[in-house]
Amino acid sequence: MPVTAILVARNGADQLPLTLDALARQTRQPDAIVLVDDASTDATASVLGPARATQIVAIDSPRPYAQALSQALREAVPPGGADDWLWLLSHDSAPQAGALAALVAAVEVAPSVAVAGPKVMRWDARDVIAAYGATVSRLGATVPLVVDELDQAQHDRRSDVLAVGREGMLVRRSVYAELGGFDPALPTVDAALDFCIRVRLAGHRIVGVPTARVTRATAPEGWGRTAPVGDAVAARAARAAQLHRRLVAAPPLAVPLHWLSLVPLAIVRSLALLLRKQPGLVTAEFRAALGALADARVPAARRNLARGKRLRWSAIAPFRMPPAEVRRLRSQQRDLHASPVLDSTERVRAGFFAAGGAWIVLFLLAAGALVLARFLGAPALDGGGLAPLSTRVADLWASVGVGYQPIGTGFVGASDPFAFVLAILGSIAFWSPSSAIVALYVLALPLAGLGAWWFAARLSSRGWAPAAAALAWALAPPLLADLSTGHLGAVIAHLTLPWLLLALIGAARSWSASGVAAILFALVGACAPPIIPLLLVLWIVCLVANPRGVHRYMGLPIPLAVLFTPLVIDQGLRGSWLALLADPGVPSDSGGSSALQLLLGSPSGGTDGAAALVDALGLPGLAAPIAMAVLFAPLVVLALVALAHPRGGRSIPALLLALGGYLSAVLASHVAVTVVEDQVTTLWPGTALSVYWLGLVAASVVALDALGARAALATVVLAATSLLAAVPASVALVSGSTAVQASGGAHLPAYVGAEAAAKPWLRTLVLTPLADGSLAADVEHGAGTALEDESTIWATATRLSSDRAALAELAANLASRSGFDVAAALAANDIAFIVVRRGAADEGAVTRDRAIEALDADAQLTAVGATAGGQLWFAPAVAGERGPTVHPGSSPFRELVLVADGLVFGVVLLLAIPTSRRRRSTVAPTADEVALAGTGDDDE
């Protein structure tokens, strides 16, 4: 039986000499050898020139293997008889000495066999099987029977197969010609599989010959490429081949259905790719689907299939692999390819229960319940930067995105990204949304300690270091100040920061950690805009420090950017770029801390209650700052000890983080953007100080870990000073001398709330006397402005708009006797109630009395009397049976913004969901191994 060997080479000068030498060493020599140079740009032509060959075919332009093979058959191989055979080789498929002899022996004794394939071995490991046989699943997906297995003769009993690989394939020439050869639409992947299926449907057999071996240097999709093939290119080629085969093999009536399902299937499969932590393949999935939509070669391939088909599709049914068998095979292949090195070198870290982490959290839970006992059972919290949430979850979600903002005179614009956080938080306690804030307050200390413990456990293998870190972080002055002043966003950011750093560390190796980091990055940025510049610097550091994992860090700011885009546009149009950093929540005075106070961790411009405690004890006033500095000293000393230690290099990232947090706090204390009554106040530096404190705590953990057994005393001192330093602020919280107080859930009089329940469009004009004798005027919508309705656009507006000017004119005429038509002005703005509150200073009493006298004298108003919220009047003409005069506007972009937010966060959430099994720790680490940038779980 004559055999013609056809070797196609493209840019294969490196492998070609070995392949030609292997061809020359065959124990059964081919009767003819045709060498094909497929437009190579390297030294392939000079290697082919002196080789022994019947003929050399040179092709001018690069072509797929199948087309190069067809041209060689036309130009160099004369027509032969029915028993002529073709042996298909390429520059990177070197046959072992007895390969052709074994293949010929297999087909000589089996006339029904039209194709025989060798066992394909790896080029770089000749005892490893790269591929041997292939089949398809019930849905037509390619299923390789063997992938990178050590050859132990375990597959040598396999003979009849559905398909074999192209490398070293021996095929009867008449069958090859009858079936039209390889499909031109499948240049690489699945070309041999598709051809073998057509061979089976034509009534011929296909066998694998285990004693014939051919080594392969590259996978089919990488053939002829000078650069390595990435995962995305390989995935696109495989998916495009599968879709093409599906459209070709489908019954005529099913083809339109398959065609219409291409894009929906791409969407579903992309979600699955995200769950499998393979986001880089999503683009390849869609490109393959769009390519299949425009695949004009399907009709020709269907005609070619119909011409050669002699049997029904049921003829190959016994070779299809059932779904259960597919899952079992893929599971076995994953187990074979799992790295035993990774499974045996995981670190042992301090156990949460064994090392006392659980006891620390329980202690902090008890401490939090004791310090904040006056809030237990309260429906809501009010004061400082806090206000009650709306009573309905639907109202919480109505405030997010872009739309009408019911604050002040009302406007159409972007809400704060913090509104998303409040909507999620309130939805947890859907029966009483404000109680979620109460619960967060009471649980703040144990939640902070829990996050700090796990973060410190990544930096230390010793149990006492995480315990001390949990106490230092949970009782940090910035957190206690945030709780006292009602900066809810800063509280949430403080609780989140340790988890964010943990996720950033893990993102270098894990897509799941990358997704979690992106969500936490957006959460911290939404809760604490003043530290967004610092977060971006941290992101850039991650990119630079982890070049191999840069693709997992690139999309980190995308969710945050999507959240802030509407606000950026609105503030940008107003030219208020710095206002993007404004703190969310009720505008309140930031206190104005000095650089020294910030260095001691105090964001509120004092000693966090220490001065009041010292005064109560009868000690000199200077004792307060001295005491706070002394209690702060152990943390600083430990951080510096870490730097001085021989292994202290691991503390440098933590100290740089602390420096960045401190500088951000100093800058925040000098940037004034928010208007509070008649003053412009600076940004709240509390969250920046939280970053500063976290850096110091991390450096201290490194020091405690490095000191080893000598760290016991230092740990006790750090824990004791953390507890003592928290006493003044805790006393203030217990005594109720802080800005935040328990609330019944509304800060307007109950009479107003009752009327607003039936007529939510009614508004209340709130007049507040100021210390300088002026009067602040504000408008509350419905039962009162809820926390989610607060807007930094309104709070940072420094220009007097026409609406605000009209409001000021109305307030001035109400607070003094004039001939102004009050009823018409009130009706035009749907203002049915007027409240005069007690001012914060005695100097405002004269202004308040004058306003009360003027309102009492107005015949168009009816006095209700004194309430808990202040003196109340209502306008019967407005509060009567009438509809709203002011109709809230809307934004055509609201739905677009919500859909964009939902898509981005949905994708990131899918990416964040862990789908791999965590490996248990088996080997304790050395101290050098426990580094801030060197940890992370690999879920690839």
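Tutor: Let's start with contact, which here means heavy atoms within 4.5 Å. The model is predicted, and pLDDT is the predictor's confidence in each residue, from 0 to 100. Local features need a pLDDT of at least 70 and side-chain atom pairs count only at 80 or more, while totals for chains, interfaces and linings use all residues. Residues are numbered from 1 along each chain as its sequence is written, and side-chain values use heavy atoms, with hydrogens and water left out.

Now pick out Tyr 441. Setting aside neighbours within four places in sequence, Tyr 441 is in contact with Leu 372, Phe 375, Leu 381, Leu 386, Asp 482, Leu 483, Gly 486, Leu 488 and Val 740. Tyr 441 belongs to the largest nonpolar core, which has 134 residues. A core like this is a set of buried Ala, Val, Leu, Ile, Met, Phe, Trp, Tyr and Cys residues joined through side-chain atoms within 4.5 Å. Buried means under 20% relative accessible area, exposed over 50%, and partly exposed in between (1.4 Å probe, protein chains only). Along with Ile 437, Leu 488 and Leu 504, Tyr 441 touches the most other members of that core. Helix 30 (residues 686-707) supplies the largest share, 15 residues. There's also a second, separate core of 62 residues, and Ile 59, Val 136, Ala 301 and Leu 329 are among its members.

Helices and strands here are DSSP runs numbered from the N terminus (H or I of at least four residues for helices, E of at least two for strands). Take helix 19 (residues 464-474), where ten of the eleven residues are buried. Those ten include Leu 471 and Trp 473, plus a whole lot of alanines such as Ala 465 and Ala 474. What do they pack against? Their partners are helix 14 (357-371), helix 18 (444-459), helix 20 (477-485), helix 21 (488-506), helix 30 and helix 31 (712-725).

Still, the whole structure has zero disulfides (pairs of cysteine sulfur atoms within 2.5 Å).

Next, hop over to strand 12 (residues 205-216), which is mostly covered, with nine of its twelve residues buried. Two strands pair if DSSP finds at least two bridges between them. Strand 6 (residues 113-122) runs parallel to strand 12 and they share nine bridges, with Val 120 standing opposite Val 214. Strand 5 (residues 93-95) is antiparallel to strand 12, with three bridges, and Ala 94 has Thr 215 as its bridge partner there.

Charged side chains show up in this neighbourhood as well. A salt bridge is a side-chain nitrogen of Lys or Arg within 4 Å of a carboxyl oxygen of Asp or Glu, and the whole structure has 17 of them. One joins Asp 151 and Lys 119, at 3.3 Å from N to O. Asp 151 sits in the loop between strand 10 (149-150) and strand 11 (170-172), Lys 119 sits in strand 6, and the two are 32 residues apart. Asp 151 is buried because its relative accessible area is 18%, and Lys 119 is buried because its value is 0%.

Asp 160 and Arg 205 form another salt bridge, with their closest N and O atoms 2.8 Å apart. Asp 160 is in that loop between strand 10 and strand 11 while Arg 205 is in strand 12, so this pair ties together parts 45 residues apart in sequence. Here both ends are partly exposed, Asp 160 because its relative accessibility is 36% and Arg 205 because its value is 27%.

Glu 285 lies in helix 10 (residues 282-293) and Arg 269 in helix 9 (residues 262-275), so parts 16 residues apart get tied together. Glu 285 is buried at 5%, whereas Arg 269 is partly exposed at 33%. Finally, salt bridges with shared partners join Lys 119, Asp 151, Asp 156 and Arg 213 into one network.

How far does the confidence go? The protein chain averages a pLDDT of 86, and 90% of the residues score at least 70. Over residues 339-348, though, the pLDDT is below 50, and it also stays under 50 over residues 919-940.
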